[in-house]
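Welcome, and please take a moment to look over the model below.

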Amino acid sequence: MRPAEFRNPEQEIERFQRRLAVTGGLVLAAFFLLFVRFFWLQVVQHEHFQTRAEENRISLVPIVPNRGVIVDRKGIVLARNYSAYTLEITPGRVADLEGVINDLATVIDIQPKDRKRFRKLLEESKNFESLPIRTRLTDEEVARFVAQRFRFPGVEIKARLFRQYPQGQLASHALGYIGRVNDRDLVTIEKNDAEDNYRGTEHFGKTGLEQKYEFELHGKTGFEQVEVDAGGRAVRVLSRTAPLPGNNLVLTLDTRLQEVAEKAFGDRRGALVAIEPATGGILALVSMPGYDPNLFVDGIGQADWEALNTSENKPMVNRALNGAYPPGSTFKPFMALAALETGKRTPQQAISDPGFFNFGGHTFMDDKKGGHGMVDMYKSIVQSCNTYYFVLANEMGIDVIAGFMRQLGFGSRSGIDIEGESEGVLPSPEWKKKRFRKPEQQKWYAGETISVGIGQGYNAYTPIQLAQATAAIANDGVMYRPHLVKYVENIATGERTPIEPEPLRTLPFKPANLEVIKRAMVGVNKEGTGARAFAGAEYVAAGKTGTAQVFSLRGGTYQRDKVKERLRDHALFIAFAPAEQPTIALAVLVENGGFGAQSAAPIARLVFDYWLLGKLPKDAAPEFEEGEEGD
Amino acid sequence: MTEFVFQPREWVRRLAAPIDPVLMGMLVLLLGYAFLVLVSASPERLNNQFINLSVALVVMRVAAQVPPQRLMHLALPLYVGGVLLLVAVALFGDITKGARRWLNLGFMRIQPSELMKIAVPLMLAWYFQKHEAMLRARDWAVAALILLVPVGLIARQPDLGTAILVFAAGFFVLFLAGLSWKVMSVLFFGGLASLPFAWTLLHDYQRQRILTLIDPEADPLGKGFHIIQSTIAVGSGGILGKGWGNGTQTHLDFIPERHTDFIFAVLSEEFGLLGNTFLLVLYALIIGRGLMIAANAPTLFSRLLAGSITLIFFTYALVNMGMVSGILPVVGVPLPFVSYGGTALVTLFAGVGILMSIHKHRMLVQK
């Protein structure tokens, strides 16, 4: 550049105008670029942005459907919904949560347990959900809050449907309960591809039928298309798809029978499963003690939860499905049937019982000192003779026993429509190999077979397995999958989807052999160990008592009074009636109940009396005084 | 003493005398359009905007009255006063939203940077006029200093939008004054090369805005929200638009600052490509008229001033529409003559007034 330039005005103007022209061109070019950009957005990509604007504008608000109700076989309601007001806080919209709750407490009664529950919900939830601080507000409380509402942004009253179990503790282990959706439930929902249908749903079946039939009971979530602003506030409703209420469950269960059975237990612990042999429908499913499922619906309080979980009665355990007990002498009819079917015994073949059985240097004792004398099959069942089965088991061998028992369902899940059933233990050399680590423990000893033969030893079955096997005998070998739901009812269409009685398998038992066993079981209640419980019955009931050892006696005799209550034997009873055309088969277990004849059989009697005759017991929990010998 | 005579026609004639009917006609069309959009975007602000507009028109009329020679005398004091005020802002300014832009005078708050949009081109035009006969390298350096001191002060506030506008206004003067292409290309490539360095000088939020422009979806609910939502508004408008008052993005509050910096999104959503094109054409016509006035201006000073004022309008429009449609970063630049707000409107109409004055006096000087 030269140090200075002298300028010619004409040239200057010309140059200026050239520069102006250049800028003019730049302006047009820039505007053209803008136009191209607009064309791109508004013509080429228009549809995409149109869609995004719509997505912005329209929000789908789920409308949670009414959960299906659960009724028993006669229409008695076991689970239903009711509407109540809740006071809810959206934590994301409240800065000082503690302060707001304190302020609220001046308007509405808020107990420390409400705060505790709220805090627990808060930990489990996302910030934008509204959470109940109080449920079931009275009308007066609602009115009081509404008058003060302006003071509490982020707090609102909502009308919600709550689950209610009107029968309280009754059949709690069959029904189960619902609770607030947690992470595990979300996984289940995801696995079932039901995320869309569960938008807005706050409760989920946790146990029992509520869990198993969750997706039937839930219904189809409806949607409201709502126009929302950028803050997510609804401006107006554009359209509405009504929710479809969940399906109702109609159970095979009989509430009154269930009540009779539960009352018969009194405050004893135990389980009872009653099955309709011809269908597998469960008439009563008892696990005592129960619990009140209503406690769980809107989040169980800390104190209640601890009480339920620390109680040594373990009310949360479903003993009918998860308790595995040695069957004791209730195993004998099945052993006898095995002997007949495998040809190891004829009904008439008798042994002489000296009161003990020596094997491999060990003496296996009979209950009756001096023995039962000559014992044939009938007598072995009616009087519950151990020696007969010591000898029999020894002759049959563990493999034959295990093979036979397996087909009756022992040691495998019954397939009842409740989750989490236990398998129990069907002892066999293979089982032992899997169960134990050390080689010397893995070996099966012949002596162990002998204990198995009288239902002790490693035998451990759930009450429902016992009931199922009993029903199989009652039903002449046709086995059904036990189930609680008779049919699922769609209340919109009225359509009923029956849970078909599914014959699991038909066991090829010879009718003559079954007859022998049934006759002997009838004998039990007529002249044997169950005679006392069934004295004066107006129907013919077949049964078998049993006692399962809890405490192993190393020599010495078992004296009931001297053993701590918790170490007493479990009492068992299996039965079906009427013997010629059974409509009910059951298994009863009373934990630490002592002799089966004493505490378990009377419960069966009350259940049968109600089922067959409609008789209600005058007094709950009868128990005979000691006296009747044998088990 | 002249007698008072009731002559309304004469008064209107005198009042309208310095006003360029062509430019005014285009502006009236644009203002009408702007009010239409504002009624949809924020009807409750209509009255205020009328007041703003009245003040702006008075300023325009006054500016149109002032002959360019008088303006030349104002250049130095306005510029020096403006720079001093900027220094005062840097020292004692009020902080609003993290930026020190306002000076509290006790009875009112002023934003001196706004003044510089006119004062800087005025000063530069005056400077080049003074050195018209002989331009030495030193003069260019002084001119550059005149430009960069206020721009630097404003950028430090920080107010990138205004800094860009002031810089553009001043740069246009230099460009029209004949800044050699060689120097410009050196500056351009030098600038390009120093970009990484400039990056380190930017505030975090400024960097974020540039990153957001490149990939708005990276943070759709946070930093990218504005740009995504305004782009959706523009795109969903389609060819004919959703109709006046029917913009869902606008009316459901998805558009931030919908009456000020983002008003173009409202216009675009409701009037579509057609409405955008109409706006572009109006701006092009106004700018064209301004450039014509510059081309016909009698002195170097008035040529440079008219040219640069016109190009400020262009810069405003380009930066704003580019930002709303997602091709330029978000800076606080309003849509000229359309966005709600008094300050920008007054500045813009002061510029219009100066243009009109230059146009009015194009013959007088030459005589």
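Which residue in β3(A) is the bridge partner of A:I70? The partner is A:A79. Helices (H or I, at least four residues) and strands (E, at least two) are DSSP runs, numbered from the N terminus, and two strands count as paired if DSSP finds at least two bridges between them.

This is a predicted model, where local features need pLDDT of at least 70 and side-chain atom pairs count only at pLDDT 80 or more, while totals for chains, interfaces and linings use all residues. Residues are numbered from 1 along each chain as its sequence is written, and chains are lettered from A and ligands numbered from 1 in the order in which they are written.

Here are the pairings of β3(A), which covers residues 77–89 of chain A.

| Partner strand | Residues | Sense | Bridges |
|---|---|---|---|
| β2(A) | 70–71 | antiparallel | two bridges |
| β4(A) | 131–134 | antiparallel | three bridges |
| β5(A) | 155–164 | antiparallel | ten bridges |

Five residues lie between the strands in the hairpin of β2(A) and β3(A), and A:G75 there takes a positive phi near 95°. Further along, A:Y85 stands opposite A:A159 in β5(A), and A:L87 stands opposite A:R134 in β4(A).

Now for the meeting of chains. In all, 39 residues of chain A are in contact with 41 residues of chain B; contact means that the C-beta atoms, placed from the backbone, lie within 7 Å. On the side of chain A that touches chain B, α1 (9–44) and α2 (46–57) each supply at least two residues. The largest share, 19 residues, comes from α1(A).

Conventions
Contact = placed C-beta atoms within 7 Å.
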